[in-house]
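Please read these notes with the model open beside you.

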Amino acid sequence: MPPVKTLRALGLKRGMSFLDIGCGPGYFSIPACGVVGKYGRVLACDISPVMLAELRAGAKERGYANLTAKRNQGSRIPFPDASVDFALIAFVLHALADVRALLAESRRVMKEGAVITLIDWHRKPMDMGPPLEARFRPRELVGELREAGFRRARWRDFDGNTYFAFAEAR
């Protein structure tokens, strides 16, 4: 899943504010810095200080000054209300104790009409990803998005192993 191509295909553009929830070392966050450009901004959060340190180092190494990375506690996202145009949660839902709380928090930080994209594994046996019982079926995830107050929730297969779920903030 090439990050720049994927982010652009999902609708990320210059000047936007992008939030990567559960960013890890920056697989999507660092490329997003280039996509949104110097007038855009990238917000990133993770529970691991080690991952955040790697992310900051990677952004600095590439000369990006438009990244703000903060540690989150549980599902609490450390950014202001209505501050992002585009939110991403990629391959982290299986590790959460409360998916609904994280989706509600995601909606809180999103501007009205902002798009959220979740990337996850299909619930089928394969050599990668978390245990099957920790995975969401695409329709279940669309239901969770609707329950959290998002509109126009839908999903699309990516490669037979992974899928995207999309929705808009109200």
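What is the volume of the largest pocket?

1. **The pocket.** The largest pocket has a volume of about 320 Å³. This model is predicted, so local features need pLDDT of at least 70 and side-chain atom pairs count only at pLDDT 80 or more, while totals for chains, interfaces and linings use all residues. Residues are numbered from 1 along each chain as its sequence is written, and side-chain values use heavy atoms, with hydrogens and water left out.

2. **What lines the pocket.** The lining has 16 residues, and those closest to the pocket centre are Ile47, Asn72, Gly74, Ala95 and Leu96. Sorted by class, the lining holds 9 nonpolar, 5 polar and 2 charged residues. (Nonpolar covers Ala, Val, Leu, Ile, Met, Phe, Trp, Tyr, Cys and Pro; charged covers Asp, Glu, Lys and Arg; the others, Gly among them, are polar.)

3. **How a pocket is found.** Rolling a probe the size of a water molecule over the atoms shows where empty space is left. A 1 Å grid is laid over the protein atoms alone; a pocket is an open set of points with protein on both sides within 12 Å along at least five of seven lines, and lining residues have an atom within 4 Å of a point. Grid points are joined across faces, edges and corners, and the volume is the space filled by probe spheres set on the points.

4. **Strands β2 and β3.** Strand β2 covers residues 41–46, strand β3 covers residues 67–71, and the two pair in the parallel sense over 5 bridges. (Helices are DSSP runs of H or I with at least four residues, strands are runs of E with at least two, and both are numbered from the N terminus; two strands pair if DSSP finds at least two bridges between them.) Asp46 has Arg71 in β3 as its bridge partner. Between β2 and β3 the chain passes through helix α3 (residues 49–61), and this β-α-β crossover is right-handed. (Right-handed: with the strands pointing away from the viewer, the path from the first strand over the helix to the second runs clockwise.)

5. **Strands β4 and β5.** Look next at β4 and strand β5 (residues 110–121), which run parallel and are joined by 6 bridges. Ala87 stands opposite Ile116 in β5. With α4, these strands make a right-handed β-α-β unit.

6. **Strands β5, β6 and β7.** Here the sense is antiparallel: 7 bridges join β5 to β7. Thr117 has Phe166 in β7 as its bridge partner. Strand β6 (residues 151–157) also pairs with β7 in the antiparallel sense, over 5 bridges. One of the bridge pairs is Arg151 with Glu168 in β7. The hairpin of β6 and β7 has 4 residues between the strands, and Gly160 there takes a positive phi near 90 degrees.

7. **Glu168: buried or exposed?** Glu168 lies in strand β7 (residues 162–168). Glu168 counts as buried because its relative accessibility is 16%. (Buried means under 20% relative accessible area, exposed over 50%, partly exposed in between, with a 1.4 Å probe and protein chains only.) The side chain of Glu168 makes a polar contact of 2.7 Å with that of Arg152. (A polar contact is a pair of N or O atoms within 3.5 Å; within protein, one must be able to donate a hydrogen and the other to accept it, and residues adjacent in sequence count only if both atoms are side-chain atoms.)

8. **Two phi angles to check.** Most residues other than glycine have a negative phi. Ala82 is not a glycine, yet its phi is positive, at about 45 degrees. Ala82 sits in the loop between β3 and β4 and is partly exposed, at 45%. Phe91 is not a glycine either, and has a positive phi of about 55 degrees. Phe91 sits in the loop between β4 and α4 (99–109) and is partly exposed, at 23%.

9. **Two buried loop residues.** Ile77 is in the loop between β3 and β4 (84–90). At 1% relative accessibility, Ile77 is buried. Its C-alpha is 7.8 Å from that of Val109, 32 residues away in sequence. Leu93 lies in the loop between β4 and α4. Leu93 is buried too, at 2%. From Leu93 to Asp120 the C-alpha separation is 7.6 Å, across 27 residues of chain.

10. **An exposed helix residue.** Arg139 belongs to helix α5 (residues 138–147). Arg139 counts as exposed, at 68% relative accessibility. Arg139 and Ala153 are 9.6 Å apart, C-alpha to C-alpha, and 14 residues apart in sequence.

Notes:
1 Å grid on protein atoms, 1.4 Å probe; cavity = no way out; pocket = protein on both sides within 12 Å on 5 of 7 lines; lining within 4 Å.
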